[in-house]
Each structure stands twice: as C-alpha cells, then as structure tokens.
Amino acid sequence: MSPMQAVILAAGEGNRLRPLTRSRPKAMIPVANRPIIEYVIHSLLENGIRDIVVVVGYRKEYVIRYLNQLDVPIQVVVQERQLGTADALRSAESEIAGDFLLLPGDNYISPTSIARIKTERNAMLYTEHPSPSNFGVVVIKNGFVEKILEKPEDAPTFTVSTGVFSFTPDIFGYLRSNEIPDAIAGMLADGEKIRAIPAEDWQDAIYSWDLLKMNARMLRDLAPATSGTVSTTASLRGRVRIGKGTTIGENTVIQGPVVIGEDCEIGPNAVIMPQTSIASRVKIEPFTYLKDSLIMDDVTVGSHSRIVSAVFGQGCILGDHTTTYPKEAFFEVGGGVTKSEFGAVLGDGVRAAPFTTFKNCVAGNNVSIEEGRVVVGLIEDNTRVI
Amino acid sequence: MCGIVGYIGRREATPLLIQGLKRLEYRGYDSFGIATVGSEIDVFKKQGRISESEAGTVVLGGSVGIGHTRWATHGEPNDSNAHPHTDCTGRLALVHNGVIENYIELKKQLLERGHIFRSETDTEVIVHLLEENFTGDLLEAVKKTVPLLEGSYAILAVSAHDDRIVAARDCSPLVLGIGDGELFAASDMTPLLEHTERIIFLEDGDIAEISPERVEIYHDGAKVERSVELVNWGIEDAKKGGFAHYMLKEIFEQPQAFYETIRAGISDAVQEMIRDAEEITLVACGTSYHTALIFKYLAEPLCRIPVRVELGSEFKYYPPPLRGLVIAVTQSGETADTIAALKMAKAHNCPTLAITNVQGSTVTRIADTTLMMRAGPEISVAATKSYIAQLAALMEIVNVRCDGKYDDLLQHAHLAIGEVLLQEMQGAVALCREAEHVFFVGRGPFYPVSMEGALKMKEISYVHAEGYAAGELKHGPFALLTPETPVVAICPPGSTYGVMISNIKEMKARRAPIIALGKKGDTELAEIVDIFIPIPDSDPMVQVLTTSVALQLLSYHTACALARDVDKPRNLAKSVTVE
Amino acid sequence: MQCVVLAAGEGKRMRPLTARRPKVMLPIANRPMMEHLVTAARDAGITEFVFVVGYCEREIRKHFGEGEQFGVTITYVTQRYQLGTADALRTAAGLITDRFLLLNGDMILRRDDIAAICRMPAPCVGVSGTDHPQDYGVVTVEDGRITALEEKSERPKSNLINAGAYLFDPEIFDLLKGVKISGRGELELTDALEAYIRTGSLRAYTLGYWLDVGQPWDLLDANAALLEGMQHEQRGTVEAGVTIPETVTVGEGTVIRAGTYIEGSCVIGENCTIGPHAYIRGATSIGDNCHIGHATELKNTIVMAGTKIPHFNYIGDSVIGSGCNFGAGTKVANLRHDHGTVKVCGKSTGRRKFGAIIGDGVQFGINCSVNVGSLIGSNARIAPHAWVEGCIEDETVIR
C-alpha cells in the first residue's frame, strides 16, 4: 500500500475574518505565532503522513513562500478562481494516486483526531458545537452520516462537520457542483456509506475575535524556550517562549502562556499576561500591559497602554496610552448579526495617535486615528478618524 | 562564455559535470558541452540549455572530465562554437571562461603554421597554442601558453592518457573543491557545495595541477600554497516551489531581503569609511548602475556629499579622476567590468568598498571592505530582490551619513514594499502588452527608477522601453508619442508633483495613454490618466522602493501575458564575467 | 574485512551538545563514542575502515586522521546532505570490494560480538533485546531469520530491535538503487532489505551487549557503564593529601592538588588542574584542560574539554559542554523537592536525579542557580546571581 496522501485546502480568503485577510488567506493567519495551516501540517506529520498537497489560490504567493520554507516538501496546486471547496479539490485531482485525507487549512485539528480517521475509507470527522448554524450540520445514524445540512437556520443537532474527510479517489466522480457537501449528498444518494467519527479536538475561528480563543488553545501546547537577551530582573513565569534577537527589558513581568517572536523589544517595565502571542519585530514600550491578545509582526505599542482582548494586524503603530476596552456588543458581519465581547481587532497598518481608546472595535487596514479618540464598532479600510 | 566545471576522482564524471553545469546555468545557457578522459578524449557538445536537451542521455565514460555552459561572446551559439574545444590531434581539450583579446593575431599566426580551426571562438586559439607547447606534459604546456594570452581567462585543460586537470585563471573566477580522493573545479562555489566544504579560491595568475589526491599551485613559475577555506554553507535551497517563475518568487521575497539587509547593519569599519569620505564614486553595471544613480539622488541633497556614478564598462577606458571613496556595486561580485574598475581605484590608493550579495566572491577579495546585501540566492536573470537589497545597503549608507536619522523609516520600509505586492496590474499590462514602445518617466530619484523600470520591461518582456527624465521627453522623444505608445509616469507627492502633472498633461495632449504611479487616494492624478497605480503614502525614500516594485510587477505580468521565458530571457546571462 | 561506519548525522536529539561536533564524537569515559566502537572492531580483527562523514566532519577527521594512531586505515567519504541510511551507504560505493561490516557510529559494541557477526553468512543483521522497543525499529525473528522489519511504533511486535550492525556482500549496492523515499522522507537502508526478507535469506545475530545513546541524559548511564569496565591508570601529579582510589584514571600533565577527595569510578583527562579541596564522586568524566577548583563538588557528571569549574561550585548528574566557565558559587540542582522524575524541556528523563545539560562555551557569572532539568544552549551568557531554569537557546544573554 502506498503511503496515505493528504489534501489541504488553503485557497479561500475566509472573508468573515476581514480585515485580517487582506494580505493573507485565513489559513495563513498566525495563531500562537504560527499560521493555522502549520498546525494542520504538523498533525499530519505526527501521523506519518508526508505526501501533502496544498491547494492555494487567494494571495497564493504568501502561502507558497511559507510552504517552501518548511522542512518537508509540500506539493502545491493552484486553484485559479475561488469557486468552492469541491472545485479546489478538483484542482488537486492529478496529484492523487489513492485514498487520501481532505482537510481545511484554516481550522485546527489535533493529531489524535487524524489518527482516528486515517485508516478509514470514506469517513468524516465531526464535532459538537454550541452554534452549529455556522457550519455544515451532520445528522448521524448508527455511526454513519445520514445527511449534511449546510449552515441551516434551525439546526436539528449540535454535531457539525470539521471538514476533515477520508476519501477514495471515487470522490472525484461526485464533484459535480463546486461544494463538497453536494458531493457527499451525491455519495449518500448512491448508497455509499460515510462513517462519522468524533474529532478529539478541532478549533475554528469564524469571526476575527474568535482568533483569541484559538490563540489561547494553541498556547496550551507551547514548548517553553528562552532566547535573545533577557534581563535578570525580568520575571518569566509559566510557559514562556522567547525568540532569537528579542530583548526583554528590566522589570518586565511575563506570565505564561506567552509566546514572543524574533527581534522584538519588550519593556523595560512591561507586563505581558497569559494567552498573549507577540510575533516578530514588535516593540512594546515601557509600562504597557498586554493580556489575552494576538499581536502580529512589526507592531509598535506605545508606553502606558493597556491592551486586553485585542488582535493587531501587521505593522500597526499605536501611540502611548492606547486602551482597548472589551465590551459586549452586537456586530453585523456577512449579513448576520452576532454578539461578542472583545477589545479591538485592527487590520494591517493601523496608526493611532496617543490616547486612543478602542472599545469593541474592528478597524480596517490602514485606518488612521487622531489623538484622544474613542473608536467604537466597525471602521472601513483606509478611513481617517478625525 | 560563462560557467566551467571540472571533476577528477573515483566516480563517473559525466553526471557530476552535468549536475554542476546546471547549477552554473545562470552564468549562461546558449550551449553546453563536456569532455572526459578515457584512453582518448571524448567530447559531447550541443547548442541550447541543458535542461532542454537530452542531458540524461549523455554517456561519456571516465572519471576525469571538464564541462562548460556558454554565453556567447565570440561566435554565435551553435554546436561547433560550444566548448570544450580540442586541438588538431584530438589529444587535448579545454574549456574557458573569459575573453582572449589578442586572439585575432594569435589565430592568424596559428593558421599560418597550419592549424585547423573548427570554431569562431577566441577560446580555440588557446587549445592550439597548448598543442604547440605540448611535449607530453600538460602542466608545462599550460605554463608556456598562458603568458601568450592577453585578456581574461579561467581555463581547465585535459589531455588523453593523463589523470590530471590543469587549471589557470587570470581576471576570471575559478575555485577548487577538495573531496575525498576527488577534486572539483568550478567558476563559483555553487556546484561544489553539494560535494565538499573545503574550498580553495585561486588567485589571478595561478596555475593549478589537479589530480584526485592533491592540488599543486604555481604562481610566476614558483610553487605556492593557497589556504583551504572551509565554507559552512548549506545547499542553497533555491526551490521554485509552487511559483510559476523564480522572478515572481524573488519579487515576493523583497520585503524580507530589504529587512534582512537593514537588520544586518553596517560594521564599524565601513561606517568609519563612509563618515570619512569627502566624495563618493560608485561603479556598477546594469541594474546596479540604476541603484547607484538612485543613491546619488538621495545622498547629494540629504548628506551633502558629491557623488559620481560610473559605468564599469566605461571606467577602464575613460577613467574619471580617482579621489575619495570608491564603491563597487555588483550582485554576483563577479562582474568583470566593475572588478576591473575597482582594481584601478585600488591602484590609485582610494579606499574601496564592495556591495555584493555573494560572500567570498572576487569583489570581496579585492575591495578593502565589504557590505553584504542579504538577498539570498537570486536565480532569475532579471534582478529584483538583489536590486531592493542593494537599495537597502545604499540607503543604510545615507542613514549613516545622516547619523541614524532614517533608522525608523528604514526599519518599517519593508511593510510598504509588502503593501505594493498586493497591487493588481491588469489594466496597465493590457496597455503594455499591445505596445511596441513604452516610455518610463520620472524626476529626481524616480528618473533612475524609471530607467530600471524600462530595463526590466526590455529584459523580460522584449517590449522596447526607454527611461527618461520627465522634463527631457519634450526635447526629442515627444516625436515618438502616439496613441499606441504608453507612458509610465512616476508621480509621487513632493516638490516635483506639480511639474510632473504638467508633463503628464503635455503627453496626454499627444494622445499617449498614461499609466501613472501616484499616492493612494490622489484623485486629481487618477482623473487625468488612463491607468492609475496607487502607491502607499510615505517618505520619498520609501517611495523609491515601492514604485520600483510596482514597475517590476508591471514588467513581470506583461512578460507573462506575452508568454516570455521570464527567468531565462534570450541572449542574457545573470552575471557577466567578460568585459 | 572492510567496515563502513555511518557517522554523517548531527544527532539532533543531542542538541545543544552537537553544536560543534556530531553525536558520534560526544565523549563517554573521555573518548568519543565512536572511538569505543572503532577500537572494538579493530580488536575483532578489522583493519580497513570507511567512515561516512558529513555534519561537522572536521571533528572526526581531526580525531581519527588516517587511522595510524589506532592501527587501522581509514578512508573518508562525505555525505553532504543527510538523506538517510541508504544514501549514506551509497556514498561508500566504489570503495567496497568484498563482504563488509556496516555499523552505525552512535552505539557501542563489544569485540566478541563484532567478531561473531563477521563469521556469520551474509546478509546478517545484529539485533538486541531491549525493554523499551517502542523507541527503535523492531524486528521479528524466526529460526534465526528475520521475518519482518518494522518502523518505530507505539505497540512493537517484539522486544528485539535492529541494532544498526550489518554484514553485507557488495550486491547490497544494487539493492540500494531501488530504494525510494520512505514515509519518513528518507532513503532507508531497511527498505533495501525487504528483498532479503522475502526470500528468507536475512539472518539475525543477537548481540550480547549493545549500548545506545538516544537522549543527552543517556550519556550519564553510558558513561557509568564504560567507567565501570575500564582499565584505570594514573599519570600526572598527585600531591600529598589527596584521596584517590585505583578506580580513577588521571591523564598526563594533570595536577591533583592537596585536600582533593575522589571516590567512585572516574576519569580525568590530560593537563587538568583539580583542587585543592575538590570533591569528585560517582561516575564522573572530566575532559582535557579542565579546571575543577577549590571547594567544588562534582557528582556523576560529564565535563567536556576546556571547561572551568573553579570555586565553590556544585554540579550533580549533569552533562557540561566544552569551554564553559562557571563563576564562583554557581551551582546546578539535581533533585526536585517532590523527588519526582526530572523533565528536560517537557521530556521526561526517567531519572529522579538529574541536573542540567549545558552546551559549549556557556559563561556563568558568580552565584548563579541552575534549576533541575535545565537545558542551556551553546554560548549563552548568564549574569551574576541569575536564576536559570527551563530551555535556554543558543546565544541567549541573561543580563
């Protein structure tokens, strides 16, 4: 038997995560400092699956660049237009020789989950979710899939598809529309059996603020390591990982789990509290407090800021006394209204002058804000707040 | 005439030579050939590039051999002009990188003495001279032959019934790799690195006798020792991955190339050299010449220092007065013209600095100090990330002269480059692909940016393009403007904005379609032009970077639309090691 | 008979100790692991060696030279990229003329086992029993023939493992040509053996003794085992007032100064200065040119060459790289308060007592405290009075 293959779909933008998907697809959004797709690849490798095909499309150059620098060779196929998941799978058909796994590149799936499905033919991983209407809801009978309802208004059950399937090459005969669930329906109609297997751990971020929860989950598995230059008066407790070239200044307190990338400058006198990820070349100025946040590359946060429950895109420059203020509010995203509580989600290149307060705010890419403003709710890309 | 390799040892030479030549293809790919020594000398040579031809089917026996991949200088690319060349008897074979300047005279003499020439190359004279000097000892023959040659050469020679390769170099690069019971020779380290980490850099005037177990090196008739350097390079992981072309991959690596170069900083010695300079002369060729010109436009007003920029190819014959700091800018570190100029500067006791991307390259060993760019290996013939990394190094020099005033700006500049990479180009590409001629215009530092834009357009899309200072267009080239001649105008905000707008209106009045690069949100500009390409608002120094990248994308997509061979454009080689 | 020794890999699991040397050059009882193997093979009658080297090959070449010192001849071949065991062996093609022995360089065997395996009909694989077969490739054997080779797995089918010692005829080189990239992404020698297994021609030889070092802390057990069995010899100068049993080896040029008390089985290299008033116990190996000074206690520890532990230090159950310097009063703890098993970077050492793994060139200020299970990368610099724990990467500065 030839070794199992895997197809990872990473072509879609994931537009509900805007503004964070302007320069990268959802699969490339860093969570605990690694793109989501890296967790998927890692889980496959843990299971000895090395023959991996990734379907790229939206902002493919970034995905390919990232995949090329991995230790394992990854086969890349391009989906020219993002028509749907079945179309994406079709573009990988020429690379598939036998049974294979199909996985979404923008969800976390644990190695144990993959171990449960990798020896099956025609099976899917499902999980329980409190708000199933955002997903494909799966009706299961006697351990087999009875039907899949795509994002139904009223879900009959809480079991949803993780998008992880084990298929035989026969699936290609069912790819008549552009969506995988249609193909599944076709298989079921032909009397094919699809085993339903519970996933051990699976995480998805539907909205940008859900990344914070995913970040906290991924930080649980963080391997602690210290690198760079660390002051003896800095206090590092719990699981803390610090990258090369980073400087941790005097009296900085870091309470893990916290990950900090390369070439950052933290403190002196900064406080980094649990569930925080800080990527590379980030500058956290003195007396700033961070907690439950996800900070991407090249961000600067000024002195005396208080950043809680925030996602900052690449290259944001925030002046001193920036505050993010988590408050529960209703959001209209993609036609629906959803309730959430977080401080701020900032796209790439947001600039805020000193004394800006973000209150439950989603600010688009390259938004600039004049000093002392309280910014609330959704703000479009390139807006100037004066 | 560009890349040479040699192997001697216990393994089959042919596959090793072919593999080595593939790694050197960036130096030229008009034709290739190999020769191996069995009891006789067997030669295989062919027009075209190795990857295209039936390289796998070349079967020449023997564990001693030499190979060559060619970029034609003398004689068109065809089978008979391909190296290796053999003498009249077929006992000697030779590969050569460089140019023999007195070959016409030598050839005349050799013809008179009855030699039969089978190619139009300058190289063939060397092998016939070897034949005349050959009395059974190849080393002696080479020793007698090289003094007769004028010009530049790196040669590898073999003779029948002899388990040796004799190598010689002068003004062309040649390095040796020492293995276990085997030796390798090549124009640069790339083909050697997969076999050994022990490298000898030959020096000008060296003659080396290479056998499987040892190397003996002679200089001016005396035996000399050359140190064995240990290089700890991993194999350069130059995978194209899923990218359609290396060029696109390299375009997308530019934010990193810029950042890494800035991050690496400048050593104290180089800083001191820069601060002490009273004037600066830059020597460069091709794309590097454009980065040097940009430096002039940035450094003169910002650092108040006189800057002269010279083409390497002109320098040698029309040397400028040599004073002050001389900076050689060359991606490969092997550009023959630039190196020749640098040697002259050294001879005039000027402090010399090299800016290059290749550690251990010839230029680094000639210049007093080196400022490394951190672009990583660039495979595509069209320079992109090395151009950006050169600008990073040169901007860092400006920054040093300005006491770190631009630290913050340079540290964040890679983000703006990343921003431009998201830019769509369809409209502009549609105009350019239909055009026979395209003009690129700009003012100040954007004048050399437009020259570089035009160079890229010519180089990879084969669309004729010219870069002009925007104000100069009306002194002649206006006559060429037609509705089919697009003009790419770089029009960022700043002191020249108003006059650029009037230039654009003048061109518009001649019905030329205008593609303008301007500040994002510049509606005034967007309204008067046909295609508007927005560039993030930033300092002029950063705009130099962003507009350059936008023009690379324009050329790249135009070339793709015209189905050109983007990574290996016709008639070009990546580093030109002949004058 | 010729013997090919595979020594090209780094041995990543031994980081940071492999920063400047391959795993096979890590010292056990003051000799590189591979030297023990090579001398055992020599004593079994093998005189002609081919070393397949790669990562930090200079270290191997420098140490073994052409083999004169060991009474053998050594030819080297370089495997530049570690693409797997099949590829490694392939680089030796052309140098092998007859039946030959193939040994992984990172294990220790006894002379009689090597001699016995050489007397077997080829092809033959050395196998060894172990109580943790899940860490190795497992073999199943029937009537002295190998019936299956299995990759590392959670539920191994037997407790016999492939020890990495083989006897082959040159025809193996033809089989190597057919090897394709495996599920692990390597060219594996074991894939070439499938043909032999199918025809039932692959024999098994059960090794009487086999010592393998998988993790850095396994060096301590291997060190203890070899110190126990070795012939001890004392050169150098031992001042009056030193307590030193016969179970201690002292190298040329070493001075052991008054008040020093040594117990257990230890080896001290050449040109060291020990004491005054040093206390060395357990199975401790001290490399050449080390300084173990006043009121310093070393217990059950490996100290590589050129390291200075000069005053008021305590180090227990640790592996210390070369060229380190310990400030006065710096100590390494080796026992948890709850007496639980010590973990290093999240991995259990299986040991209740374990100190730290410290890479090459690490510099400690005075009075640093290194917690149990710390791993400190090469060239880290630690400020005075610092408290160090966990996983510290190469070149880290704590200031």
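## Interfaces of chain A with chains B and C

In this predicted model, strand β14 (residues 229–230) of chain A and strand β38 (residues 397–398) of chain C run parallel and are joined by 2 bridges, strands being DSSP runs of E of at least two residues, numbered from the N terminus, that pair if DSSP finds at least two bridges between them. Within this pairing, T229(A) has V397(C) in β38(C) as its bridge partner.

Local features need pLDDT of at least 70 and side-chain atom pairs count only at pLDDT 80 or more, whereas totals for chains, interfaces and linings use all residues. Residues are numbered from 1 along each chain as its sequence is written, and side-chain values use heavy atoms, with hydrogens and water left out.

The table gives the buried area, which is the accessible area (1.4 Å probe) that two parts lose on being put together, summed over both.

| Interface | Buried area | Share on carbon and sulfur |
|---|---|---|
| Chain A and chain B | about 1,700 Å² | 52% |
| Chain A and chain C | about 1,100 Å² | 50% |

Contact (heavy atoms within 4.5 Å) involves 19 residues of chain A and 20 residues of chain B. Of the 2 salt bridges found across this interface, each a side-chain nitrogen of Lys or Arg within 4 Å of a carboxyl oxygen of Asp or Glu, one joins R263(B) to D263(A), with the closest N and O atoms 3.1 Å apart.

Between chain A and chain C the count is 1 salt bridge, formed by K244(A) and E393(C) with their closest N and O atoms 4.0 Å apart.

Terms used: Chains are lettered from A and ligands numbered from 1 in the order in which they are written. Helices (H or I, at least four residues) and strands (E, at least two) are DSSP runs, numbered from the N terminus.
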